[in-house]
Amino acid sequence: MRLAQISFWGFAAVASAAGIQIRDLDGRLLSLFHPDGKVNLLFFVSSDCPISNSYAPEIQRLCRAYESSGVSCSLLYEDAGITVSAVRKHIAEYRYGGIPAAIDQKRLMSKAAGVSVTPEAVAVDAQGQIRYRGRIDNFYAAFGKSRQQVTEHDLSDAVDAVLAGKPVINPETKALGCYIVDPDILHK
């Protein structure tokens, strides 16, 4: 029953995202829910979230590791009121160069993908289906409590399954991080 709900919910999220477009920091249109390759990895991040920032090296590693397999990556900044110059500074500071980035000012992408915290990852397959949503791995056991070693690589396991044409065993996991604030709430 749970798999059917996740699968249906994924279809609903993609259907609602079909008409949504976002431009990267340089004005190029990103096709987040319509990959050109085999998989789009969407990383929802924020510059002021310590957990999100701690994942910068792992996000970069994953993007490099899967690039030759037809996987593309995008960063979606969910910070309230962040500017293009602040994002560019963050990209330079955390060495995200080469990964397209956009500011999800109205939270359209995070809502369409069904994410609620940063960092949170979404894997979209070539047909536009959300095949995975959740944590990158299990490095954080709880807020402020990290593990000595990662024992579950949820995102890479999901990408490997999609690339192999297999079902994702665990299509949704609970991400741990900083909550994404709806901009409408901020202006009330």
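Me: Which residues in the largest nonpolar core touch the most other members?
Reply: Of its 35 residues, these are Leu41, Phe43, Ile59, Leu75, Tyr77, Tyr96 and Leu155. A nonpolar core is a set of buried Ala, Val, Leu, Ile, Met, Phe, Trp, Tyr and Cys residues joined through side-chain atoms within 4.5 Å. Buried means under 20% relative accessible area, exposed over 50%, and partly exposed in between (1.4 Å probe, protein chains only). This is a predicted model, in which local features need pLDDT of at least 70 and side-chain atom pairs count only at pLDDT 80 or more, while totals for chains, interfaces and linings use all residues. Residues are numbered from 1 along each chain as its sequence is written, and side-chain values use heavy atoms, with hydrogens and water left out.

Me: And which residues does tyrosine 96 contact, leaving aside neighbours within four places in sequence?
Reply: Among them are Val45, Tyr55, Ile59, Leu75, Tyr77 and His90. Contact means heavy atoms within 4.5 Å.

Me: Which residues does the second, separate core include?
Reply: That core has 16 residues, including Leu32, Ala102, Ala112 and Ile180.

Me: Changing topic, where is arginine 107?
Reply: Arginine 107 is in the loop between strand S5 and helix H5 (108-113). Helices (H or I, at least four residues) and strands (E, at least two) are DSSP runs, numbered from the N terminus.

Me: Is arginine 107 buried or exposed?
Reply: Arginine 107 counts as buried because its relative accessibility is 2%. Its side chain reaches the backbone oxygen of valine 181 at 3.1 Å and that of aspartate 79 at 3.5 Å. Arginine 107 also has a positive phi of about 65°, although it is not a glycine.

Me: What about arginine 95: buried or exposed?
Reply: Arginine 95 is exposed, with a relative accessible area of 65%. Its place is in the loop between H4 and S5, and its phi is near 55°, a positive value in a residue other than glycine.

Me: Which residues lie nearest the centre of the largest pocket?
Reply: Cys63, Arg64, Glu67, Gly98 and Ile99 do, out of 14 lining residues. On a 1 Å grid over the protein atoms alone, a pocket is an open set of points where a 1.4 Å probe fits, with protein on both sides within 12 Å along at least five of seven lines; lining residues have an atom within 4 Å of a point. The largest share of the lining, 4 residues, comes from H3.

Me: Lastly, which peptide bond is cis?
Reply: The bond from threonine 118 to proline 119 is cis, with omega near 0°.

Technical notes:
Polar contact = N/O pair within 3.5 Å; in protein donor to acceptor, adjacent residues only side chain to side chain.
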